[in-house]
Every structure is written in C-alpha cells, then in structure tokens.
Amino acid sequence: MKFFAKELSWLSFNERVLQEAADRTVPVIERVRFLGIFSANMDEFFQVRVADVRRKIFFAKDAEEIESAQLLLKQIQDKVIALQLKFDEIQKDVVISLARKNIFILGEHQLSDTQRDWVVSYFHDKIKRYIIPLIISPKSNLLKHLKEDRIYFGVEMSFEKEVLYAAIEVPTEEVSRFVRLPHNKSKRRKDVILLDNIIAMCLGQVMHLMFDCEQIRAFSFKLTRDADYRLPHDIDQGLLERMEEGIKQREQADPVRLVYDREMPKAMLRFLSKKLHMNEYDSRVAGGSYRNTRDYQKFPNLGRKSLAYPSLQTLEHPRFLRDSNVFDVISNRDVLLYFPYHKFAHVTELLRQAAYDPAVRKIQICVYRVAPHSRIMRSLMEAVHNNKQVKVTIELQARFDEEANIELAKELTDAGVHVVFGISGLKVHSKLFLIHREEGNNIRRYAYIGTGNFNEKTAKVYTDFALMTCNPGICSDVESVFSYLDTPYLRHSFNKLMISPVNLRERFVALLETEIENAQQGKRAEIFLKVNNLVDEAIIVQLYRASRMGVKIRCIVRGMCSLRAGVVGLSENIEVRSIVDRFLEHPRVYWFHQDGGNKVYISSADLMTRNIDHRVEVACPLEDTDSKQQVMDIVQLQWKDNCKARVIDAEQRNEYVTRGNKKKVRSQIEIYNYLAAKMRAVIPPE
C-alpha cells in the first residue's frame, strides 16, 4: 500500500494525545486536560471524518466502493474501541494520581454523611430547576429533541407490569461540571464531585414525585451527529440567511455515534438505538460512567502550582523593545513573530495604532476564526469611526464557527465596516491583512501574513509564525490576493507568494523538481516540511519520487499523514516525526535546500487536497535573512526533540524518538530559551 488511510492516521494522532495523558512525568492536572483534549478530538472525528466515510457507503458508485468504505469503517470502529479501553485505564490511573496529590474525585457512594447532606441541598438550590425529564413514549421523536454532544441520563423506571424510559439532560451549560465539596477533616484535602454524580444521587427525588415506580436506574449516554450541512439554493435569499438556515440542519442531522455507559442494560441500548434510527453503520461505543470527558480540559487546579505546567512569560520581540511605533519598526526591517512565545499583543497593537494613525488610509483583512470580544475586531470598528476604509473578508463556513462569524459579520456591518464573504465554492483560509499608509507623497503598504488565526485566545496555546513586512513585492502580491477575492474571474499574477488554488501546487512541485535535479547532479538535495496534515496523494507521489531520486526529506506532521515513510524502494529517504506537547503545533513551513539557496516559506496551507485546490491559502517566502534563519533554527530544534517527538513510520506505531546518550531536548522549551536569548542579546538584563 502506497498510502496510509487518513482517517486511521487521524486516530493515530489522537493516540499521541492519549500518550501525554498516560505519561506520569506530565503534571497530573495537565494529564487530566489531555484526557479532555482526546475526547474533544474524538467528538470532532466522528462529526466530520466518520460521517464522511458513512456517506461514502450510502453514495458509492459501485460494489467495490461500498466494500472499501465498509472495510475502512470497520477498521475505524476497531481502533476507536481499542482507544476507548485505553482511555478508561488511563483515566483510572489519573484519578489515582490526583488522589496522591490530595485531590479526590468522589462518586455519590463515597461521600460522608455531611457531604451527602450538602450535596442534597446543592441539588435543590442550584440544579433541580434545570432538570426536566423527557418521557420517551412510542410516538416520541427522540432524535429531534436530543442536542448535539450534551450528556444525558437514560432513565429506566420499572413498574409492576411495564418499563418506562426517560431522558434527562445534564445541565453543564448552566452549572459547573466540577463541584467542590466541603471537607472538615483536612484543609489539604480537596474533594470534587461531578455534576453527573449529584444528579444520579438525587434523581429519585425528582422522578418519584410524578411516578410511583418500584425501581429507578440511570445510565449516561450522548449522541454525536453528522456535522455536514447543505446550503439552500434559494437565489432570493442572501448568503447570511442561507447560512443561518443551513447550519440549523446540524441540529437535526443523522447520528453517527452513540457513546454509552457499558453498564447500560441491553434492553435500554436497543430501545435508544431504535428511537434514534441508528443503523449498522453507526458506531455504538461503550465506555465508563462519564460522558463528555472533553470537559476535563477545564478541570481546575485545586492543588499546588506544580501540578500544572509552569507558565512561560511571553516575550517581547527584540525589534519592539526600543521603539513603540510599530510602523517605524516594520519599515526598517521585516519582523517575524512566533506565538505563543512572542506576545500576540504585537499584532493587536499594530491594528490599534492603524485605527487612529492619521496617515493610515485603508485596512483590508481576511478573517477565519476570531476570539470572543476580539480586540482586533474592535480596532477595525474604531478605524471606521476615524474615517478609514476598512474591508473585512469573513469566511462564514469556518466549521463550528459559522454562527459566531455570522454574528460578527452583522456587528461589523452595523459599525460601518465593508464586509464581504469571499469566493463562492472556496473557503478563504488565508491569514492576511494589509494596511495602506500615506508617507510623504506616496502610499506605503504594510502586510501581515500568518499561519494561524487572528485569535487572541488560541494564540496562547497554538504555535504559529507571523510575518510583518513592508517588502514592496510581497505587499503587492498581498494586495493582489484581496483583488482576487473581489474578482476571481480575472487573471491575477503573483510573483512571490504561492496562492491556492492559483499556483501553490504548481510552484511547490517546481521547487521539488529542482531538488530532484540537484540530487541527480550529485548536489546536496533536501526538503524539510512542517505541516498539520500531509494527505494529498499527488504531492505524496511526488515526494516518493524525490526520495527514490536521492532527495533527503524530513517532515514534522502533527496530525494526519498518509505518506508511509521508510519503505524500501518507495520512501527510504523520507523520515516523518510528530510532536505533541503543552502547545499545539500549528504552523506550516516549506523549506527547500535549493543548492544552498534555502527557500523557506511560511504558509496557512496544509498539504491536503482541500487546502491546495479548494481554499484560498497563502505561502510566503522569507526574504529577510534573520527571519529565514530563525525559522530554520526552530524547525531544526524540533527535529532534535527526543522527549516529545514520535517516529511516524509506515505503520504509525507512535514510538518515541530514542534519546540514547544524547542530551535531553524538549523542543518547545528549547525554542523558548532560544527566543529569550535573542531578546536578551538586544537589551541584556540589569
């Protein structure tokens, strides 16, 4: 097989996340949070990836396609079940590790009499008002009433001659999932009970009010739906209206997974499956008694600071240490930022100054995902109030952020911002803005090109590169990108940038061909790629060919990788690694050796068919010597990682890079030290 199935590779990535939860050298609160990340990832996997495989079965053209999709779905289900069993074991170990640190997660049967009394009062004061059982009658449309990814109790009420079922939602949106319990014996001891356990303990007090039943049993479950939707084709509706109508489909979408307490009686499981219209292709996954363990991402640190990763103080970029006027800094030389090590405030400050600088005439920006209460969006609205032209291209179809982006579009429009929605059929995934500033008798352009979103929140935990430049050639190309978004039917030329879907594939392959030619001539030929996903089969075939021709290829791939590395006769010169650590690795870098010329690009585009052919993406060359060297140094440090790096071999077994006798290198910490040293070199500490 030339390719590793991307869906199975995605599960391999999530297994690496689970490895972090299993690692006892990781601070215990972080281990809890990695369990939450694993669960959130798995939810999205079913909403998107499994739903897509399921559709392939129903819409296959022939029996061979059906058989192939069925086999893949079976492999996915087997791997998911194996990971769930592993998750349950790790969760038990993490709970024990918390107890060793005097943090106890208690079930309802482990409470003292005092705590039980307190819980009953808490239930009546804080929770009961939100408990409204949904009685499931033969005519009930259960699928219509269950919400996406909420926790429910399936309640079985036994009467003398019949059994009645009900569903009760656990109100995690209204009440904290983790409830701190009083404990009089020790100030050091911290007792926590989950909201689920409180409801399970007090459920009888609610149900017996209305139902004179002999026995009540409750078992948790949750439903995951297909996240895809189709836009209505009513030409009389505007795009905003069609988007609002389209995303409502998600609330009624087909189920793709039912996760349930493995202690649930078979009769209840059959009843729920029937009422939810689940078929043989929908996954039913048995687990522990808790659902929505994605909430573990928010698990509070009730103990010492050492139970979580120590915070790293974000760094000022050395170029901004001596000059607070961002335009003066950028006009002198390019600035390369690397988040979350550098302050994202450098970005918000650039737009804040642009909003009131009397010399600034126009601001253009592409928006994919932004933080709630975004300071960037606030600056753009203030810029309009200061009589500047502001144009925002918003991608309404940013998955799971559609509603937020619709509301943002309305807010910006109300503030007088010129809002547009990009190109029909293409998602605008570029991370760009361009500022036009009058200097003397000329207009000078300042461009920002990044690998991550304009999101102050995720910039604290996602690693991403960003370039601030007034390089005329790059700025001209950025302006052409905005022109392309307005008039995609016209021909636009790009001299420096690689743009999807215009020329990125063509130019990427051309750079790769140069490496092949150099290898054939006996010259040093190397490629270094850092991406989130490497699944485009045409690119992979070209990389295989380059490997056979003698080009050395190194890849750091965080997520899906369909390339099978190290296969004799196919990919012997290709090595792939993956790093999972405290920060989410997110930037894309393409580095071609070019006989010592070292062409290095930062990009918003993963090497996926959708990114290369069906999205508007930008890859920008680094022409400033210092910026280029910094990126080369950083990815080399990551390649040396022997603490958090895994080898992605042909079977994706996720074995850690062997350290041997080498010095311990944890790249995310080493990179921080590297950048901090650069800052100290400019202004040494007193």
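Where is Gln594 found? Select it and you land in the loop between β23 (588-592) and β24 (599-603).

Before we go on, note that this is a predicted model, in which local features need pLDDT of at least 70, side-chain atom pairs count only at pLDDT 80 or more, and totals for chains, interfaces and linings use all residues. Residues are numbered from 1 along each chain as its sequence is written, and side-chain values use heavy atoms, with hydrogens and water left out.

**Stop 1**

Gln594 counts as buried because its relative accessibility is 14%. Here buried means under 20% relative accessible area, exposed means over 50%, and partly exposed is in between, using a 1.4 Å probe and protein chains only.

Now select Asn598, which is also found in the loop between β23 and β24. Its phi is near 45°, again positive in a residue other than glycine. Asn598 is buried, with a relative accessible area of 14%.

**Stop 2: helix α8**

Next, select residues 266-275, which form helix α8. Which residues of α8 are buried? They are Met268, Leu269, Leu272, Ser273 and Lys275. These residues cover an arc of only 165° around the axis, so they sit on the same side of α8. The arc is that of the directions from the helix axis to the C-beta atoms. Turn to the other side of α8 and you will find Lys266, Arg270 and Lys274 exposed. Just after α8, pick His277, which takes a positive phi of about 55°.

**Stop 3: Arg294 in its loop**

Move on to Arg294, in the loop between β9 (283-287) and α9 (326-332). Arg294 counts as partly exposed, at 27% relative accessibility. Not counting residues up to four places away in sequence, Arg294 touches Gly36, Ser39, Ala40, Asp43 and Asp149. Contact means heavy atoms within 4.5 Å.

**Stop 4: two cis peptide bonds**

Zoom in on Phe339 and Pro340, which are joined by a cis peptide bond with omega of about 0°. Pro340 is in the loop between β10 (335-339) and α10 (345-356).

Then jump to Ser500 and Pro501. The peptide bond from Ser500 to Pro501 is cis, with omega near 0°. Pro501 lies in the loop between β18 (498-500) and α14 (504-520).

**Stop 5: helices side by side**

Two packed helices are described by the angle between their axes and the distance between the axes. Axes are lines fitted to C-alpha atoms, for helices over the stretch in contact, and angles run from 0 to 180 degrees between N-to-C directions.

Show α10 and α11 together. They pack at an angle of about 10°, with their axes 8 Å apart. α10 and α11 are therefore roughly parallel to each other. Angles under 35 degrees count as roughly parallel, over 145 as roughly antiparallel, 65 to 115 as roughly perpendicular and the rest as oblique. Val347, Thr348, Leu351, Arg352 and Ala355 in α10 meet Arg375, Ile376, Ser379, Leu380, Glu382 and Ala383 in α11.

The contact is made by Met377, Arg378 and Met381 of α11 and Leu408, Glu411 and Leu412 of α12.

Finally, show α14 with helix α15 (residues 537-548). Their axes are 10 Å apart, and the helices pack at an angle of about 10°. Arg505, Phe508, Val509, Leu512, Glu513 and Ile516 in α14 meet Ala538, Ile539, Gln542, Leu543, Arg545 and Ala546 in α15.

**Last stop: Ser480**

Select Ser480 in helix α13 (residues 472-486). Is Ser480 buried or exposed? Ser480 is buried, with a relative accessible area of 18%. Leaving aside neighbours within four places in sequence, Ser480 is in contact with His492, Ser493 and Phe494.

Key. Helices (H or I, at least four residues) and strands (E, at least two) are DSSP runs, numbered from the N terminus.
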